[in-house]
Amino acid sequence: MGQLSRHWGRVLAVAVFVVALAGLAACGGSGNDNKSSTTGKSADAATITWWDYFGYSDAGNQAINGMIAAYEKSHPGVKIKRTSYAYPDFFTKFNQTVATNATPDIAAMDAGQIPSYAAQGALQDMTKYTSGWPVTKQFFPQVLEQVTVDNKTYGVPFRSNSIVLWYNKDAFKAAGISTPPQTWDELRADAKKLTNGEHSGICFPATKDETGTFMFLSFLWQSGSDLQKIGDAGSVSALNYVNTLVNVDKSAPKSVLQWTWDDIAAQFTSGKCATMINGPWVYQAVDTGKKVTHWGVAKLPAGPAGAASPLGGEAWVIGKSAKNPGAVWKLIQWLGDNQNSFKPIMSGLQSFIVRKDQQGLDGANWSSIVPVVSDQVKVARSRAGYGTKYNQISTAVQNMEQSVLTGQTPAKDAASQAAGEIKPLLPQG
């Protein structure tokens, strides 16, 4: 699935980021390729264990394997053992290694979850390495904020993204829809028109994992609410809106409670979903699809409070069990050199820039979707402000949404119950 002040942080930071992204015209994926290790523990100083969840596409695998091969070639004697899990499985497995003190040496981790793992002592403090590293000053403030806890750095950002609306142009034409929806009302109306025996009107994840939370935060923020205000009218309206799409209009199938980002992309490319909310990480699957060949992307429709979406992305982290963190840091430094990694990360991992010195580099405009996703990233919000107990907060959000969509609890009651769980977990003061 993979992120953060309660919204963006300082106004200046937003301004810098917006200007940079304008020059470009962004927990995701599944896969299980290249599994070579079931434990993250280093065999010796020359062996580095590497975990990620980028095996969901050929392009992602090629990007990662290419960088690993290049590093091994330029550093004789160093062997990198890569393991790639599906996004949800990654965190299940990582939690197990934390408990057994066998974390991987290096991992590509959803930046939004780094504060929680840092607070658990699962990640090594990288401040002694990053404080004197010239590249640190190049990161956009809100990107660096994601990996900072109590003024200590626990990760090096390398990937940024958000989610947008993907739509089947042929389905739109058949339904008499000329342009993508721009508001909640338009999205609901269009989804109803698009729903028929051939396809659902809209698909999005509402799963019981971080993917579900990441998606729901968009609706929550667009309603004018936030996690600090769970239980208010806005949060109830967000729950009711999602419930309307799934259970009232039935424009979205009930299967969205189980579908991952990649499952939804598969439904879209097979023509079974006329629209989907998804990230740029599914670009390759969509672009190479055989059935749906006329498609487009648009910013997420705005809610009553306007446009919003979560800021996604990953950072390199050093696991607490790494026996030779200095060797791992050398690898991260190498990965931080734009000459070594910029192009494979941009096009292979469908990413957007995270640093000022990446503006205008060849490879930034890797697809026609870049301008639209870049515009969405401008209104994307960070999860960093939710503090070090974010993982517990996320679980409460997932339970809240699922209880409503399964018909167990009315939206108002579900929001009230979640408020009692979430508010004590948020940073106080």
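These notebook entries record what I looked up on helix packing and strand pairing in a predicted model.

**Entry 1: the five-stranded sheet**

I began with the strand order. I found an open sheet of five strands, ordered β2-β1-β3-β11-β6, in which the pairing is mixed. I noted β2 (79-84) and β6 (156-161) at the edges; each has a single partner strand, so one side of each lacks a neighbour in the sheet. On average, neighbouring strands of this sheet are turned by 20° against each other, direction ignored.

Strand β3 (residues 106-110) pairs with strand β11 (residues 312-318) in the antiparallel sense, over five bridges. Which residue of β11 is the bridge partner of Ile106? I found Ile318 there.

Next I checked what covers these strands. Helix α13 (residues 325-335) lies across β1 (47-52), β2, β3, β6 and β11. Against β11, helix α13 runs at about 145°.

**Entry 2: strands β7 and β8**

I turned to strand β7 (residues 164-168), which is joined to β8 by four bridges, the two strands running antiparallel. Leu165 has Ile277 in β8 as its bridge partner.

Are the faces of strand β8 (residues 275-278) buried or exposed? I found both covered: Thr275 and Ile277 are buried on one side, and Met276 and Asn278 are buried on the other. I recall that in a regular strand the side chains alternate between the two faces of the sheet.

**Entry 3: helix α10 and its contacts**

The crossing of α9 past α10 is right-handed.

For the residues involved, I listed Phe216, Phe219 and Leu220 in α9, which meet Ser235, Ala238, Leu239, Tyr241 and Val242 in α10.

I then examined helix α8 (residues 184-194) against α10. Here the packing angle is about 10°, with the axes 11 Å apart. Helices α8 and α10 are therefore roughly parallel to each other. Trp184, Leu187 and Arg188 in α8 meet Ser237, Ala238, Tyr241, Thr244, Leu245 and Val248 in α10. I classed the residues of this contact as six nonpolar, two polar and one charged.

Technical notes:
Residues are numbered from 1 along each chain as its sequence is written. This is a predicted model: local features need pLDDT of at least 70, side-chain atom pairs count only at pLDDT 80 or more; totals for chains, interfaces and linings use all residues. Side-chain values use heavy atoms; hydrogens and water are left out. A crossing is left-handed if the near helix is turned anticlockwise from the far one by less than a right angle, and right-handed if clockwise. Contact means heavy atoms within 4.5 Å. Buried means under 20% relative accessible area, exposed over 50%, partly exposed in between (1.4 Å probe, protein chains only). Two strands pair if DSSP finds at least two bridges between them. Axes are lines fitted to C-alpha atoms, for helices over the stretch in contact, and angles run from 0 to 180 degrees between N-to-C directions. Angles under 35 degrees count as roughly parallel, over 145 as roughly antiparallel, 65 to 115 as roughly perpendicular and the rest as oblique. Ala, Val, Leu, Ile, Met, Phe, Trp, Tyr, Cys and Pro count as nonpolar, Asp, Glu, Lys and Arg as charged, and the others, Gly among them, as polar.
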